[in-house]
Amino acid sequence: MLTKPMDGANHSTVSEFVFLGLTDSWETQLVLFMFSCTLYVASMMGNSLIMLTVTSDPHLHSPMYFLLANLSFIDLGVSSVTSPKMIYDLFRKRKVISFSGCITQIFFIHVIGGVEMVLLIAMAFDRYVAICKPLHYLTIMSPRMCLFFLVAAWMTGLIHSMVQLAFVVNLPFCGPNVLDSFYCDLPRFIKLACSDTYRLEFMVTANSGFISVGSFFILIISYIIIILTVQKHSSDGSSKALSTLSAHITVVVLFFGPLIFVYTWPSPSTKLDKFLAIFDGVLTPFLNPIIYTFRNQQMKVAMRRVFRQLVNYRMIS
């Protein structure tokens with residue numbers, strides 16, 4: 001849809017964007033609908049259960065579980081920023097999103113991504129202190145430090161997203177308005193502008209790529225140091241520590257793998273790009289609660305306790 005430019009606006013004539021979606025095959029759309037709906041509901045329930053468990057169980061009022069609860073909150077956002085729109089559009093012939101809706105989606109994608117990166121770094125630091133400096137753990141990972149990590153995460157996410165959008169929100173868009181995707185992907189969004197955007201595309205890609213790769217290497221180096229420290233101490237706690245670390249490392253790889261591939265690969269195919277987007281936005285938020293609870297006996301016991309309390313409350317009421 002085209003509209004006349006207004007004074008003081010960004011001189012765009014495009015008021016909405018059209019998504020090409022994932023596939024035109026009805027059978028594939030049906031499979032994707034069932035798959036996406038199931039994982040979306042499961043991820044919302046799983047992450048909500050982790051937040052409820054950590055909040056209500058006094059045994060889990062520790063820095064590690066505080067950070068885990070915040071990560072689950074962010075995963076609710078990861079699930080909700082693109083999945084509902086994708087599911088809603090699957091069987092629609094005309095898949096559209098308004099210009100402001102597209103900008104809003106891009107904003108929240110980058111905010112949530114920035115917050116999650118810092119939270120994963122904070123969780124790695126928490127495990128480093130717990131394993132390498134156990135006697136000073138409660139002193140270093142004080143409530144003030146936990147709050148600092150949380151504020152730093154949100155500030156990083158907001159600043160990163162606002163910097164990205166500051167350069168693109170006023171770009172002129174005069175057509176075409178078709179995005180070969182199921183959500184507003186920033187690099188593809190920029191390419192639709194009616195101006196030379198080569199430098200801007202490079203800057204946006206380099207910005208996200210540098211942050212993703214830099215954060216990933218910081219985390220990997222941190223976990224290597226922690227694992228080497230654990231291996232020096234052969235005790236009963238070592239296997240428990242390695243079990244916890246394996247869960248953390250798995251989540252890090254699942255989160256950063258698709259991001260690094262998209263922002264460092266010269267020209268990923270559209271199909272691969274869509275698959276990685278589904279993996280990051282639908283599958284990862286579903287897997288995170290499973291990964292963090294599968295080998296965590298304390299969390300499983302606490303969840304069963306909360307579940308029994310909810311069942312008893314429902315029976316009484």
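The structure is a predicted model, in which local features need pLDDT of at least 70 and side-chain atom pairs count only at pLDDT 80 or more, while totals for chains, interfaces and linings use all residues. Residues are numbered from 1 along each chain as its sequence is written, and side-chain values use heavy atoms, with hydrogens and water left out. Helices (H or I, at least four residues) and strands (E, at least two) are DSSP runs numbered from the N terminus.

**Cavities**

- The structure holds three cavities of 30 Å³ or more, where a cavity is a set of points, on a 1 Å grid over the protein atoms alone, at which a 1.4 Å probe fits but cannot get out.
- The largest cavity contains about 540 Å³ of space, a volume being the space filled by probe spheres set on the points, with grid points joined across faces, edges and corners.
- Its lining comprises 29 residues, of which I109, Y183, L259, Y263 and D280 lie nearest the centre of the largest cavity; lining residues are those with an atom within 4 Å of a point.
- Two or more residues of this lining are given by each of helix 2 (63-89), helix 3 (99-132), helix 7 (198-232), helix 8 (236-264) and helix 9 (270-294), and helix 3 supplies the largest share, seven residues.
- By residue class, the lining of the largest cavity divides into 18 nonpolar, eight polar and three charged residues, with Ala, Val, Leu, Ile, Met, Phe, Trp, Tyr, Cys and Pro counted as nonpolar, Asp, Glu, Lys and Arg as charged, and the others, Gly among them, as polar.

- Three strands form an open sheet in the order 2-1-3 with mixed pairing, and the edge strands are strand 2 and strand 3, each of which pairs on one side only; two strands pair if DSSP finds at least two bridges between them.
- Strand 1 (residues 16-19) and strand 2 (residues 95-98) run antiparallel and are joined by four bridges, with F17 standing opposite I97 in strand 2.
- Strand 1 pairs with strand 3 (residues 178-179) in the parallel sense over two bridges, and the bridge partner of V18 in strand 3 is V178.
- From strand 1, E16 and V18 point one way and F17 and F19 the other way, and all are buried, where buried means under 20% relative accessible area, exposed over 50%, and partly exposed in between (1.4 Å probe, protein chains only).
- In a regular strand the side chains alternate between the two faces of the sheet.

- Helix 2 has 27 residues, which at 1.5 Å a residue should span 39 Å, and its end C-alpha atoms are 40 Å apart, which agrees; the expected span is 1.5 Å times one less than the number of residues.
- Helix 2 bends by about 35° at S83, with a proline, P84, following within four residues, the bend at a residue being the angle between axes fitted to the seven residues ending there and the seven starting there.
- Helix 2 is mostly covered, since 22 of its 27 residues are buried, and I87, which lies in helix 2, is buried with a relative accessible area of 12%.
- For the 35 residues of helix 7 the span should be 51 Å at 1.5 Å a residue, and the end C-alpha atoms of helix 7 are 51 Å apart, which agrees.
- Buried residues of helix 7 include L200, V204, S208, G209, S212 and S215, and among the others are F216, L219, Y223, I226, T229 and V230.

**Individual residues**

- V168 lies in the loop between helix 5 (143-166) and strand 3 and is buried, with a relative accessible area of 0%; the C-alpha atoms of V168 and M45, 123 residues apart along the chain, are separated by 35 Å.
- V129 lies in helix 3 and counts as buried at 1% relative accessibility, and V129 and L192 are 63 residues apart in sequence and 47 Å apart in space, C-alpha to C-alpha.
- D196, found in the loop between helix 6 (186-191) and helix 7, is exposed, with a relative accessible area of 72%.

Key
1 Å grid on protein atoms, 1.4 Å probe; cavity = no way out; pocket = protein on both sides within 12 Å on 5 of 7 lines; lining within 4 Å.
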